[in-house]
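Dear colleague,

I am handing over the structure we spoke about, and my notes on it follow below. Please read them with the model open beside you.

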Amino acid sequence: MGSWIKRWNQQPAPFTSLVQRHRHPSNHLSNGAPFPFPQNPPPPPPPPLCPPRRNRLTTMDPPHFTPSSSNLTAEQKLRVQFNQSLANAKRNLKICADRVSKSNSGKGLGVLKLEQLLVEESWMEAIPGEFKKSYAKKLSEFVESEMQSSIPIFPPQHMIFNALNSTPFDKVKAVIIGQDPYHGPGQAMGLSFSVPQGIKTPSSLINIYKELQQDLGCSIPSHGNLERWAVQGVLLLNAVLTVRQHQANSHAKKGWEQFTDSVIETISKKRTGVVFLLWGNYAQAKSRLIDENKHHILKAAHPSGLSAHRGFFGCRHFSRTNKILEEAETIPIDWQL
């Protein structure tokens with residue numbers, strides 16, 4: 001991202017040298033008149049949407065850099081913002097992990113109430129009282145009971161609200177809706193379509209990478225961790241946030257859908273200009289919750305191996321999302337992982 005910002009801010013070639021050459025006697029016509037002087041320099045080339053890897057946002061900036069520093073370039077300011085967002089996400093994750101750890105070390109069974117696992121303040125302010133509703137209390141009791149059973153539940157407790165804890169409410173730029181978490185050991189990490197580094201990339205995510213490469217020319221990463229998208233403002237939200245091991249949809253219709261519908265409706269009502277990427281019929285059914293007069297909805301087939309060739313490949317949702325954001329004078333997403 002930084003490379004095109006540099007080129008965009010660079011001035012054209014100095015006009016002084018052009019003027020000097022223009023005035024030189026050798027550059028005059030036979031009648032003594034000078035050659036016509038070019039009035040408008042050519043426009044700068046359009047910025048690439050997937051910048052070279054060496055110029056991507058990194059976490060290597062000195063700690064003394066702050067967005068208010070007058071000597072920062074636009075690229076450095078972007079890096080600072082990214083690092084701050086990443087630090088906030090990791091801080092929230094650590095708070096949840098510490099709470100679970102303390103619960104495990106006590107006399108209890110190490111199972112927390114759901115409301116103790118949502119720690120991002122912006123979301124707590126955006127959906128106040130949601131956990132006090134009767135459906136949410138029943139949902140919390142159900143999840144607590146499942147956590148105490150002999151069947152493993154995914155994702156781990158501290159990652160149940162990873163999507164909300166990683167992407168603050170006021171920072172949401174785009175939303176990618178999934179169905180329920182991956183149900184294999186070690187796969188689910190609380191972000192739709194994402195798996196931790198070291199875990200085999202699922203087929204749906206591989207197809208997402210293929211479309212991203214075709215759309216923007218991004219290289220296909222060797223891992224499936226989408227945390228970089230989340231901290232840039234892409235809310236990776238599953239409709240159901242927990243699942244039993246090897247039992248897809250086992251926690252469906254237990255209250256999670258009502259909770260995540262509330263999240264989507266809150267974004268629709270309280271924010272403007274958010275891009276919703278709805279892949280597949282299940283996600284597209286959520287369009288009823290979104291005010292299309294205030295937001296942007298992009299629809300395509302699901303990226304699974306069964307349906308990717310029926311409308312996901314070629315949808316160009318990543319470049320279209322960035323175009324929408326840029327037109328709204330919002331910093332686009334660096335989709336390269």
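S319 is buried, with a relative accessible area of 11%, where buried means under 20% relative accessible area, exposed means over 50% and partly exposed lies in between, computed with a 1.4 Å probe on protein chains only. Please note that this is a predicted model, in which local features need pLDDT of at least 70 and side-chain atom pairs count only at pLDDT 80 or more, while totals for chains, interfaces and linings use all residues. Residues are numbered from 1 along each chain as its sequence is written, and side-chain values use heavy atoms, with hydrogens and water left out.

S319 belongs to helix 11, helices (H or I, at least four residues) and strands (E, at least two) being DSSP runs numbered from the N terminus. Its side chain makes a polar contact of 2.7 Å with the side chain of D215; a polar contact is a pair of N or O atoms within 3.5 Å, and within protein one must be able to donate a hydrogen and the other to accept it, with residues adjacent in sequence counting only if both atoms are side-chain atoms.

D215 is one of the buried residues of helix 7, among them also L205, I208, Y209 and L212. These buried residues pack against helix 8 (227–231), strand 5 and helix 11. The 14 residues of helix 7 should span 20 Å at 1.5 Å a residue, and its end C-alpha atoms are 20 Å apart, which agrees; the expected span is 1.5 Å times one less than the number of residues. After helix 7 comes G217, with a positive phi near 80 degrees.

N207 of helix 7 is listed among the buried residues, whereas H309 counts as exposed at 70% relative accessibility. H309 sits in the loop between strand 6 (296–300) and helix 11, and its C-alpha is 9.6 Å from that of N207, although the two are 102 residues apart in sequence.

**Strand 5**

Five of the five residues of strand 5 are buried, so this strand is largely enclosed by the rest of the structure. Both of its faces are covered, with V275, L277 and W279 on one side and F276 and L278 on the other. Strand 5 pairs with strand 2 in the parallel sense over three bridges, and with strand 6, also in the parallel sense, over five bridges; two strands pair if DSSP finds at least two bridges between them.

**Aromatic pairs**

How many aromatic pairs does a search of the whole structure find? The search finds 13, where rings of Phe, Tyr and Trp (its six-membered ring) pair if their centres lie within 6.5 Å, and planes under 30 degrees apart count as stacked, over 60 as edge-to-face and the rest as tilted. W123 and F169 form an edge-to-face pair, at 5.1 Å centre to centre and with 75 degrees between the planes. W123 lies in helix 4 (residues 121–126) and F169 in the loop between helix 6 (162–166) and strand 2 (174–178), so this pair ties together parts that are 46 residues apart in sequence. W123 is buried at a relative accessible area of 0%, and F169 counts as buried at 10%.

W279 and F318 form another edge-to-face pair, at 6.2 Å centre to centre and with 70 degrees between the planes. Because W279 lies in strand 5 (residues 275–279) and F318 in helix 11 (residues 317–327), the pair ties together parts that are 39 residues apart in sequence. W279 is buried at 2% relative accessible area, and F318 at 0%. Ring pairs also link W279 and F318 with F193, W229, F312, F313 and W335 into a cluster.

**The annotated position**

The UniProt annotation "active site", from an unreviewed entry, covers D180; UniProt positions are given in the numbering used here, feature names are shortened, and annotations may be inferred rather than shown by experiment. D180 is found in the loop between strand 2 and helix 7 (203–216) and counts as buried at 16% relative accessibility. Not counting residues up to four places away in sequence, D180 touches N238, V240, V243, A248 and N249, contact meaning heavy atoms within 4.5 Å. The backbone nitrogen of N249 lies 2.7 Å from a polar atom of the D180 side chain.

With best regards
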